[in-house]
Amino acid sequence: MSNALALRAESGGEPLPKKAYTMALLQRGMEKNSIPQARLQALHLALHRAAAERAAQYTRGRSMTVTRGQAEAFYISVLHQLDAALLSYGSDAAAEEALCAEDTDALLAKGQTCILQCYEEAKDRFRRAYQLTKPFATYFFRELLKSFAQFTTEYDARFRSDAVKVDEVYPLMAGRRSELPGVLGVHAYYSALLLEGELLAMFEKAQIHALMKQYAKRYLTSWDMIAESIADLVLRQWLCRALLLDSAPELDLPADAAAVLTERYRQVPPAQIADEMRRAIAESVIAENAGVCAYCTDAVPYFAETLHRRVTENNLRGWISPAGEK
């Protein structure tokens, strides 16, 4: 899949919002006069025609009469299909160029192919993510099974391709969220869960369980009621260990880890901390999986900023779990 369908934002400039992407492109094109008026009219007619054809397919040709609500839903679904096609170009400039130059029917066909591909990939990626994360599945992770069941049985990729949203009851690492609409957002979320599951698989299960139990004990709850991404807990624990010791896939921290890290990094700017974290990732087993490596590296600024803030506030003990902590 294109990088435009991942959780990473476009680099450079102010990218357009991914939700209602086609409308955002059209609005900007009208404001900047970068889309000819004739093309705007042609697009308008083509989208209405596609929505009418969808209504005819929905009624199986028996009638062109649908309710106003159904007509609006079909039109939104067509726009979402065009969104999927245009987002696959990877940049606002390339998407606008395609919107101006490409045949609208061809773009809609491209979008439908993208939607169906995302649907099939999303299902596969969640199933794989669930198997990898199952040994550490919290209540919040298991809750995802409900929305996944609905996704696999009720999603209508043909007539209502937009009518699905991400149920992010289980948070992702570093507070990530996807602004992508419909099945594109579901695909991005499940892809992120798979990468987090692959990260967890790089560490010993016993060490992860020990970390979860120690973390839960601090907050007077059980390990399966932790309301955070387990991959987040693991990566920040490992990053702090890597800064202190080495880049081995271990999660144990010495009892004085918080004090030593606080003293060492109190005056170090976040950018320098981030550089050290990136270096540790690049020299570790994480680098052997390109997808996981990129995912974790993208989260480095968040972890570096958080570490810097906590050592400045002398509050690192609440973020990591050194040995022997009570």
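Guide: Let us start with domains, whose bounds come from an automatic or database domain assignment. Here the assignment for the protein chain gives domain 1 (2-113) and domain 2 (204-326). Their C-alpha centres lie 42 Å apart.

Visitor: What kind of model is this, and how are its residues numbered?
Guide: This is a predicted model, in which local features need pLDDT of at least 70 and side-chain atom pairs count only at pLDDT 80 or more, while totals for chains, interfaces and linings use all residues. Residues are numbered from 1 along each chain as its sequence is written, and side-chain values use heavy atoms, with hydrogens and water left out.

Visitor: What is the mean pLDDT of the protein chain?
Guide: First the idea: pLDDT is the predictor's confidence in each residue, from 0 to 100. In this case the mean for the protein chain is 91, and 93% of its residues reach 70 or more. Over residues 1-12, however, the pLDDT is below 50. That stretch still has 35 contacts in the model beyond near neighbours in sequence, a contact being heavy atoms within 4.5 Å. Where pLDDT is low, the predicted coordinates should not be read in detail.

Visitor: How many helices and strands does the protein chain have?
Guide: Helices (H or I, at least four residues) and strands (E, at least two) are DSSP runs, numbered from the N terminus. By that rule the protein chain has 13 helices and zero strands. Its C-alpha atoms fill a box of roughly 70 × 40 × 30 Å, taken along the principal axes. Among contacts with a separation of 6 or more, 71% join residues 24 or more positions apart.

Visitor: At what angle do α1 and α4 pack?
Guide: For such angles, axes are lines fitted to C-alpha atoms, for helices over the stretch in contact, and angles run from 0 to 180 degrees between N-to-C directions. Helix α1 (residues 21-32) packs against helix α4 (residues 92-101) at about 85°, with the axes 11 Å apart. That makes α1 roughly perpendicular to α4; under 35 degrees counts as roughly parallel, over 145 as roughly antiparallel, 65 to 115 as roughly perpendicular and the rest as oblique. Y21, L25, L26 and R28 of α1 make the contact with D92, A95, E96 and L99 of α4.

Visitor: And which residues of α10 meet α13?
Guide: The angle between α10 (residues 230-244) and α13 (residues 290-312) is about 70°, and their axes are 11 Å apart. So α10 is roughly perpendicular to α13. From α10, the residues D232, L235, R236, L239, C240 and L243 meet C296, Y302, F303 and L307 of α13.

Visitor: Is T104 buried or exposed?
Guide: Buried means under 20% relative accessible area, exposed over 50%, and partly exposed in between (1.4 Å probe, protein chains only). T104, in helix α5 (residues 104-133), is buried because its relative accessible area is 5%. Leaving out residues up to four places away in sequence, T104 touches R39, L43 and A46. Across the protein chain, 48% of the 326 residues count as buried.

Visitor: Where is Q267, and which class does its accessible area give?
Guide: Q267 sits in the loop between α11 (257-265) and α12, and at 72% relative accessible area Q267 is exposed. Q267 and H308 are 41 residues apart in sequence, yet 8.6 Å apart in space, C-alpha to C-alpha. Now try D275 in helix α12 (residues 270-282), which is partly exposed at 41%.

Visitor: How many disulfides does the structure hold?
Guide: A disulfide is a pair of cysteine sulfur atoms within 2.5 Å, and the structure holds zero of them. Take C118, which is in no disulfide: the nearest cysteine sulfur, that of C114, is 4.3 Å away. C118 counts as buried because its relative accessibility is 0%.

Visitor: What is the phi of A174, and of N314?
Guide: Most residues other than glycine have a negative phi, and most peptide bonds are trans. A174 has a positive phi of about 60° although it is not a glycine. A174 lies in the loop between α7 (144-154) and α8 (182-200) and counts as buried at 15% relative accessibility. N314, also not a glycine, has a positive phi near 55°. N314 lies in the segment after α13 and counts as exposed at 57% relative accessibility.
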